Structure formats: C-alpha cells, structure tokens
Amino acid sequence: MTVGDITPNKEKGSGRSKHVADEKAPLLPKQQDEDAVHDEFNGASFIGAVFNLSTTIVGAGIMALPATMKVLGLILGVALIIFMAFLTDASIEFLIRFSKAGKITSYGGLMGDAFGKYGKIMLQICVLVNNIGVLIVYMIIVGDVLSGTSSSGVHHAGVLEGWFGQHWWNGRTFVLLISTIGIFSPLACFKRIDSLRFSSALSVALAVAFLVIILAIAIFKLISGTVVMPRLLPDVTDLTSFLKLFTVFPVLVTAFICHYNVHNIANELKNTTQIGAVVRTSLASCSIVYIMTSVFGFLLFGDATLADVLANFDTDLGIPYSYLLNDAVRVSYAAHLMLVFPIVFYPLRINIDGLFFPSASPLPQSTTRFAFITSGLLILIFLGANFIPSIWVAFQFTGATAAVCLGFIFPAAVTLRDRHVISRKEDRMLAIVMIVLSVFSNMVLVYGNAISLLKKNQ
C-alpha cells in the first residue's frame, strides 16, 4: 500500500499554500498567517519531516510492547506488530488521498468535508482525549524512571532514589513538577512544528541508544546462556486467558498512532509530494525498532516483564556494569520521552484552540490565548500523571477509545462516505475490515475487563 501526496491549492514543490476560509480550513494555521513572525521559514526538509513523524510514532508505546509479547508470545506478537504497520499505512493513505481530492489540508478539515461540522468536532475531541492520555503516559514513565513505581505491588526504585536514597525532593510529585516547569514547558512553547526538528533528531538518537544497549545486554546474556527460552505462542487455557489477548490491541493501536500529525508535517514540507515517502520511511524504521525492542526486552525478563519495561531495569542483570547500564537505559529513554512530548503536544494545542475558539485569529498570533491553552494543558497532564497508577491503564483507555477512532475508524468512515467518488472496491472492503476489527476487539476488551473486575470483587 502506497501513500499519495497532498498538494492543496498549490503547485508541487511549493512550500507555501493559500488560505482557505471555509469549513475545510486547516486546524494548523497556514504559513502565510505566520509570515510576520516566521519570514525566514522556507519549508521543512525531508529528513526533518521523517524525524518529526518518527518521533510522533515512537513514544511511550514502545515501553509496553515487551509486555504484549508476554501476553501473545513472540511469534504472534511480532506478526501483529507487522500487521498493524501495514494497516496504519493503509489508513494514512486513505487520509492523504481523500485530502488531495478535496484540496483539504488538515485531518479536521477532512472530517468536516465528509461529515460536516460535527465530524470535525468529533475528530478534535478524539485528538484531545488521545493526546492528553499519551502525554500523561509520558509523564508517568518519566516519574517511574526518576522516582520509582509501586504500581505492580512491588516497589521498583527510580534512578534518583538509587543514587541518593529516598528524600522529599526526589519524590514523584516534586520531580514531575520540576520536570514540567524546567523541561516540558519550554519545549511546549514553540509555535511551529518544524522548530522541533533538532529535538526530534536527538530523541530518535536516544531511542536508538536505548535499543542498542538492550540489544547488547540481551546478546551478552544469550552467549553466557543465562536467558530462558521465551514463550513463542500465547498460553490460552480458559476463557479469561483468551479474553486477555485482546488487552494488547489498544497498546498496539496507540504505538502506531501518528495520523493527527501527518497533515501538520505535510503542510510544512518544502516539497509536499514527499509526504508519501516520509510516511513509509517513518513506519518502516519504527516497526524495526518496535520488533527489536519487544523481542529483546521479553528475552531479558520473560514472564517478569512489567507493563512499563523500564521499571524492570532496577535490579542486577547478571552482567558487568549492570547498574550503570540500567541507569543508561532508563535515563536515555526518559530523555527521549521528554523530547517527544512537544511533538504530541503541538497538535493537541491546535485542536483545543479549534474546538473552543473556532472563529478566533490563528493561535500563534495570540500570545494570551497561546499561553492560556499551553499552561492549562500542562497542569491537566501533570495532575493526570500523579493520579493514574499505570501506563497499561492509560493505554487501554486511550487505545480503546480515541486512538482507534483516529487511526482506523475515521479514515475508514471517510473512505466509505466517499464524497469525491474516488474509492475503489478494495478500499471499501479494507475500510469495512478496519471498522469491524476495531469494534470487535474493543467490545471483547470491555467484556474481558468487566469479567476481571467481577472476579476481583467476588
């Protein structure tokens, strides 16, 4: 499945686009609206776009993927990661092809074109729920890494606790407060997504460093013969264990969600015809990283793998310099998530503004509104990270609701609506499969969770 180009109201290769003052208007303000502030901007490069989209994809979802191997086994787990990559590619292809046909430059505009005002509002609400949930997960992981976690019932010490012992200043709430004020807030204040290309490049480098360290540890333990052969297939013994298989679906969906940023990145590309190559390059590279992290993470910890695999790196791994490597793994990925944070925050702020201030001037031109929305969202995310106990809980909620709508249900619905009469028979069949798979998996997930709660209460 290939991804087409998106060239609304402009010639291919142009970095500028004309303002569209109707329902199709993008949630992302067009560049000429920001010319007074960003005259020097001539369009984003291919590499910068790949870094930004890859950073959108490889966020916190990678930390929960080794736990999906514990549920599915290696063979089924790897197969589902590959399947989800192809399904994501197909859904993004739907978005871009129908956007091109309608000369539309935003996901919200596409939903508005297909389903009117309420379609656009539904999209904005889903971006709000999904991105707030994902950003809360990022903060939870940063808190787990720096201050430790007891969500599994056993306390796993954080990096600061291991270095200095337990003190009030390295407690979870205080550490997250300082991180929010000193790191998240400054990064969230950029008004153009291409301004984050260097932090995105650094975040990708940190993710690669994280993967290389895990790979080296796993290979060392394989050579020394201290790794137990992992389970290849799921262990299904009764109805409860069968229903548990579906708990991984929201995690896998969340791991590949990047749809809300595709138009934003395409709008800023110097040559918009490159968006297809940007998407394919990003999905292929991220899938490789996902598979390697899942396999080698599960190899290291087996059935002891936690929902947040970073929390496993707090004990002696049985290798030289174990504790030094533990800290390197955890710190590198926590730093990666801190740099990913603004990439996910950017479309969230744009959609919040479009939802509550649809008739206002472009957000970058209003310093007061920009500051109000940014600070309000940061406070909400900070509070959520302090009260939600586990990333698995957050992933199941966002993945089973907003993420599945953004990733599969909305693109499929646009294809079936087919306002511009361009869908093929195979497109409509694939769209139906996306919707049926999403709805069925989520229904089984909800049923399984209800059964588990009932058994706990008995």
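## V129 in helix α5

V129 is part of helix α5. Helices here are DSSP runs of H or I with at least four residues, numbered from the N terminus. This is a predicted model, in which local features need pLDDT of at least 70, side-chain atom pairs count only at pLDDT 80 or more, and totals for chains, interfaces and linings use all residues. Residues are numbered from 1 along each chain as its sequence is written, and side-chain values use heavy atoms, with hydrogens and water left out.

V129 counts as partly exposed because its relative accessibility is 26%. Buried means under 20% relative accessible area, exposed over 50%, and partly exposed in between (1.4 Å probe, protein chains only). V129 and A403 are 274 residues apart along the chain, yet their C-alpha atoms are separated by 8.4 Å.

## α5 against α13

Helix α5 (residues 117–147) packs with helix α13 (residues 322–356) at an angle of about 160°, and their axes are 9 Å apart. That angle makes α5 roughly antiparallel to α13 (over 145 degrees). Axes are lines fitted to C-alpha atoms over the stretch in contact, and angles run from 0 to 180 degrees between N-to-C directions.

The crossing of α5 with α13 is left-handed (the near helix is turned anticlockwise from the far one by less than a right angle). The contact residues of this pair divide into 26 nonpolar, 4 polar and 1 charged. Ala, Val, Leu, Ile, Met, Phe, Trp, Tyr, Cys and Pro count as nonpolar, Asp, Glu, Lys and Arg as charged, and the others, Gly among them, as polar.

## The nonpolar core

The largest nonpolar core has 124 residues. Such a core is a set of buried Ala, Val, Leu, Ile, Met, Phe, Trp, Tyr and Cys residues joined through side-chain atoms within 4.5 Å. Helix α5 gives the most to this core, with 15 residues. Y290, F313, Y333 and F341 have the most contacts inside the core.

Neighbours within four places aside, F341 is in contact (heavy atoms within 4.5 Å) with L135, Y138, M139, F184, L378 and I381.

## α7 against α14

Helix α7 (residues 172–188) and helix α14 (residues 367–387) pack at an angle of about 150°, with axes 11 Å apart. They are therefore roughly antiparallel to each other. On the α7 side, the contact residues include F184, and on the α14 side they include L378. The contact divides into 8 nonpolar, 5 polar and 1 charged residues.

## Helix α10

Helix α10 (residues 248–256) is mostly covered, with 9 of its 9 residues buried. Among them are F249, P250 and T254.

Key
Helices (H or I, at least four residues) and strands (E, at least two) are DSSP runs, numbered from the N terminus. Angles under 35 degrees count as roughly parallel, over 145 as roughly antiparallel, 65 to 115 as roughly perpendicular and the rest as oblique.
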